[in-house]
Amino acid sequence: MANLIKNGDIVANDWTTITLDAEVSPGDVKLPYGNVLLPLAVWQARKWDLIQRQWHSLDGGGKLGVWLSPDEDPAVLAEDLQDLDVIAVRFPAAGDGRGYSIASLLRIRYGYKRELRAIGTVERDYLHFLHRVGFNAFEIENPEAALASLGDFSEAYQPAVDQPLPLFRRSGLALAA
Amino acid sequence: MYAYTETDRRIVAERVIQYRDQTRRHLASELSADQFRPLRLQNGLYVEKHNPMLRIAIPYGQLSAPQLRLLAHVARSYDRGVGHFTTRHNFQLNWVRLGQVPDILAELAQVDMHAIQSSGSCIRVVTTDPLAGVSPVEVADPRPWAEIFRQWSTLHPEFAALPRKFKVAFSGGPDDAASVRTHDLGFEMVRDAAGDVGFRVWVGGGLGRTPILAQVVREFLPWTDLLSYAEAILRVYNLAGRRDNLYKSRIKILVQSLGIKAFAQRAEAEWQHLKDGPLTLIAAEVARIADQFAAPDYETLTDLDARFEFMRRFDREFAAWVKTNTHAHRQPGYVAVTLSLKAPGQAPGDATAEQLDAVAELAERYGFGELRTAQTQNLILPDVRKRDLYNLWQETRKEQLATASVGLLTDIVACPGGDLCSLANARSLPLAAAIQQRFGDRGELVDIGALRLNISGCVNACGHHHIGAIGILGVDKNGEERFQITLGGATGPGAAIGDVIGPSFPAAEVPETVARIVDHYRACRRPKEGFIDTVRRIGTKSFAAAAYAQEISIIEDEREVANG
């Protein structure tokens, strides 16, 4: 079981990420026992069955998560946030920054509070940015070394998820305005 | 000039530490070349033909004398004693060592300089009018807004991996000296009916492979909403900009494909969520920044200085320099002065460490220790007393900085080209030198008058050939270095993309071809009609006939290929 960084600690990743083969329809894909991170299409096709499955899991080991591709609009999950323990966003390449906006929208516009996980091509030199836009979990190679990059910057100008006020509203000036 | 706070310094210092570790891991093979590439690019480091090139940021073109001295020092210590000023407020070192870049950055940080976001798929160095704050025609000084924008765009987490580069400019007024019309996003300072300052917002301009002029996305944006609106535009672009094709990934392509109306609606819809949120600017912060750009301690002078007027009549060479290289100032008795980096034989925009040191001293003795970098690859002393001009002129002559050609044909803007750049098809610099040599006759040059000539070594258009009245583009034809000519390009309110006149020329024929074009203008112009106006009146076809000095019909078949 690979490890991941979550809330600044290294923890075991006890989730299975389900991917959809081209020939299998979202309704038919077999789900393993345990926590599953599902493609959006599977979630949308089997939402009620999946929630039932979670209710009936005896040890609470059947938690549900959904992962989004960068071309999927997070608005489609806005009504489902209570049913999901993890939302993940897949990065097909480190340079594909759509996931940063998706994370911002999930956290700030839709108010998602639980685990937001970066999956796919996740590299340590982007952790600072990923963390700022709201990711709190990272599937990353060599998480021990990568942890250090979370602290690359101690201050930032912009408001983001980790700091809702811009620098100019955090100095004494804001009070005077 | 904006003075860094302790927080500004800490952010730059932490970027140096971060980049030092990234370099170390790359050299230790922990970061592959592909992984390291975007990291070094976002810190201004290209790997060029012979060597890495470091692009240092000069946000909105403003430099202090100590900063200039430090640039001289790094050019001397880490390079070959020469640096290059670009068309977008950057300073490039062409011969640095990859392993030494962290040390260069640490030195730059000592004077609050850096290379953050001077390249890569991110929000680039913000640009503005080099005469901001002294221009008599500006609506308001754009520098405070550019500084506010610099801070917001520095290490913005959501926009750290955009589809492509994103260039932003602020123009102080309707003369559009910063060329908002050729930027991804441009802010033109305007006032509303009540006299409150705001911005006309332009989007979707850019040169490069597919030159397109920007369109107005919002007629009036109140100043309070500068950052929230920018965030909305960037978010729409980040999510919807194409990432499948490098050549179609700039925001200009998105704006073209949606149409400006639909794009504006999407931006507006996004903005409704951000408007009046924490990014809304507050008066106290704007005042804190603006105070640092307050006018310096000018002397109260009359606009007419007897010594200056006398020397101007007495010394014709001085008068010629005054005419081209000095610019009207809002303060009586003062002018702004362009220190030309276009001396014959000098690559346009290049300056030696000795010249940089000399300029720093001149800035202190003849101004308030401040300088600007101009889009024309020159330096500007913004505040010089007319009384001092004659002495300043004599001193700049000694340093080869007094070439009296600003705005004339030989004030050539050129990219570094095939001598240094790995993208280039052709060498821009020898061509620039050959054209300057061809137009060495002062009388002829002055008679031709205002004329922008721009040379790019390839379609990426770093020499901005599309907006040159005469634009020259290096193309590769079966391994042969050739040049294509465009006519009619312009910046400012009359911005236009030049038209290709026909098939390309071998390098050796370009200077004479330019001469034939210019002679055609001199033959056809009406009294006081400038080059660009004659081109517009009689059309490029007429000029093409002169340029090829042959039947136009031969030219027609190849025209389709041009700009392809």
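Two strands are taken to pair if DSSP finds at least two bridges between them. Helices (H or I, at least four residues) and strands (E, at least two) are DSSP runs, numbered from the N terminus. The model is predicted: local features need pLDDT of at least 70 and side-chain atom pairs count only at pLDDT 80 or more, while totals for chains, interfaces and linings use all residues. Residues are numbered from 1 along each chain as its sequence is written, and chains are lettered from A and ligands numbered from 1 in the order in which they are written.

In chain A, strand E1 (residues 3-6) is joined to strand E2 (residues 9-12) by four bridges, and the two run antiparallel. E1(A) and E2(A) make a hairpin with two residues between them; in its turn, A:Asn7 has a positive phi of about 50°. E1(A) also pairs with strand E8 (residues 137-138) of chain A, in the antiparallel sense and over two bridges. A:Lys6 takes part in both pairings: A:Asp9 stands opposite A:Lys6 in E2(A), and A:Ala137 is the bridge partner of A:Lys6 in E8(A).

The description now turns to the interface of the chains. Residues are in contact if their C-beta atoms, placed from the backbone, lie within 7 Å. Chain A contributes 34 residues in contact with 33 residues of chain B. On the side of chain A that touches chain B, helix H2 (98-109), helix H3 (127-132) and helix H5 (173-176) of chain A each supply at least two residues. H2(A) gives the largest share, five residues. By class, this side has 19 nonpolar, six polar and nine charged residues. Here Ala, Val, Leu, Ile, Met, Phe, Trp, Tyr, Cys and Pro count as nonpolar, Asp, Glu, Lys and Arg as charged, and the others, Gly among them, as polar.

Within chain B, the axes of helix H7 (residues 251-258) and helix H8 (residues 260-274) come within 6 Å and cross at roughly 110°. H7(B) is therefore roughly perpendicular to H8(B), a term for angles of 65 to 115 degrees. The axes are lines fitted to C-alpha atoms, for helices over the stretch in contact, and angles run from 0 to 180 degrees between N-to-C directions. B:Leu254, B:Val255 and B:Leu258 of H7(B) meet B:Ile260, B:Ala262 and B:Phe263 of H8(B). This contact has six nonpolar, no polar and no charged residues.

Technical notes
Two residues are in contact if their C-beta atoms, placed from the backbone, lie within 7 Å. Angles under 35 degrees count as roughly parallel, over 145 as roughly antiparallel, 65 to 115 as roughly perpendicular and the rest as oblique.
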